[in-house]
Amino acid sequence: MKLAVFASGSGSNFQSIVNAIHEGRLDASVEVLICDKPDAFVIERATKENIPYFAFQAKEYENKTAYERVIIEKLEEHGIDFIALAGYMRLIGPTLLERYPEKIVNIHPSLLPSFPGKDAIGQAFRAGVKVTGVTIHYVDAGMDTGPIIAQKAVDLEEDETEESIAAKIHEVEHAIYPETLQKIQANLSRV
Ligand code: GAR
């Protein structure tokens, strides 16, 4: 599986995917990072790992179609066949969805359909839920609405803070994203 990872921030999930590949737990390669924030820390991670990246700013393009066309050019240059969104804080538009049907997955820090969109961890904290979690799903045109592939619950204690919830969520994310990608990869290579 020739992967492109899309990310906007720190890139701890990007790193967990790369580490799983290094450690032989994920039979794939990250061929390129796509990043919409040129100063995001994930770019430093990619540089350290010698993974090429394409960084862009949406505001420099006329519209989503225009920058997604450029992204597709980059993906094609690298022979990408699967896309993992890892903290990419932008909706995927029809241009990319039509080029990579059922080949784009996302990780979201809640048990969808609860707490979609931005700040899912803060939403869960403010709602006072006792259980939250992580979801991996196929990407469709909606916001965090595509078919669910995997979920893992995280129990919350009485004295949680947003930070402590985030730490628990990230630990689960770093385990289940590579694991789930490996399952997808195994299924893809069977057909
Ligand atoms: C992760 O918690 C991911 O689930 C979340 O952004 C974080 C990125 O962290 N994604 C979303 O909220 C998507 N709606 P990272 O940059 O350290 O991987």
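This is a predicted model: local features need pLDDT of at least 70, side-chain atom pairs count only at pLDDT 80 or more; totals for chains, interfaces and linings use all residues.
A residue counts as buried here when its relative accessible area is under 20%. You'll find aspartate 144 in the loop between β6 (131–138) and β7 (148–155), and its phi is near 60°, a positive value in a residue other than glycine.

Most residues other than glycine have a negative phi, and most peptide bonds are trans. With that in mind, hop over to the loop between β5 (104–108) and α5 (120–127), where proline 113 sits. A cis peptide bond, with omega about 10°, links leucine 112 to proline 113. Aspartate 119 belongs to the loop between β5 and α5 as well, and its phi is positive, near 55°. Aspartate 119 is partly exposed, with a relative accessible area of 39%.

Next up is glutamate 173, in helix α6 (residues 162–190). Glutamate 173 is buried but has no salt bridge; arginine 45, the nearest side chain of opposite charge, is 11 Å away. So what does glutamate 173 contact, leaving aside its neighbours within four places in sequence? The list is Asn13, Ile107, His108, Pro109, Val134 and Pro178.

Helix α1 (residues 12–22) and helix α2 (residues 41–48) have axes that come within 9 Å and cross at roughly 20°. Angles under 35 degrees count as roughly parallel, and α1 and α2 are therefore roughly parallel to each other. The contact brings together Ser12, Phe14 and Gln15 of α1 with Val42, Arg45 and Ala46 of α2, and the crossing of α1 past α2 is right-handed.

Note on methods
Residues are numbered from 1 along each chain as its sequence is written. Side-chain values use heavy atoms; hydrogens and water are left out. Helices (H or I, at least four residues) and strands (E, at least two) are DSSP runs, numbered from the N terminus. Buried means under 20% relative accessible area, exposed over 50%, partly exposed in between (1.4 Å probe, protein chains only). Lys and Arg count as positive and Asp and Glu as negative; His and the chain ends are not counted. A salt bridge is a side-chain nitrogen of Lys or Arg within 4 Å of a carboxyl oxygen of Asp or Glu. Contact means heavy atoms within 4.5 Å. Axes are lines fitted to C-alpha atoms, for helices over the stretch in contact, and angles run from 0 to 180 degrees between N-to-C directions. Angles under 35 degrees count as roughly parallel, over 145 as roughly antiparallel, 65 to 115 as roughly perpendicular and the rest as oblique. A crossing is left-handed if the near helix is turned anticlockwise from the far one by less than a right angle, and right-handed if clockwise.
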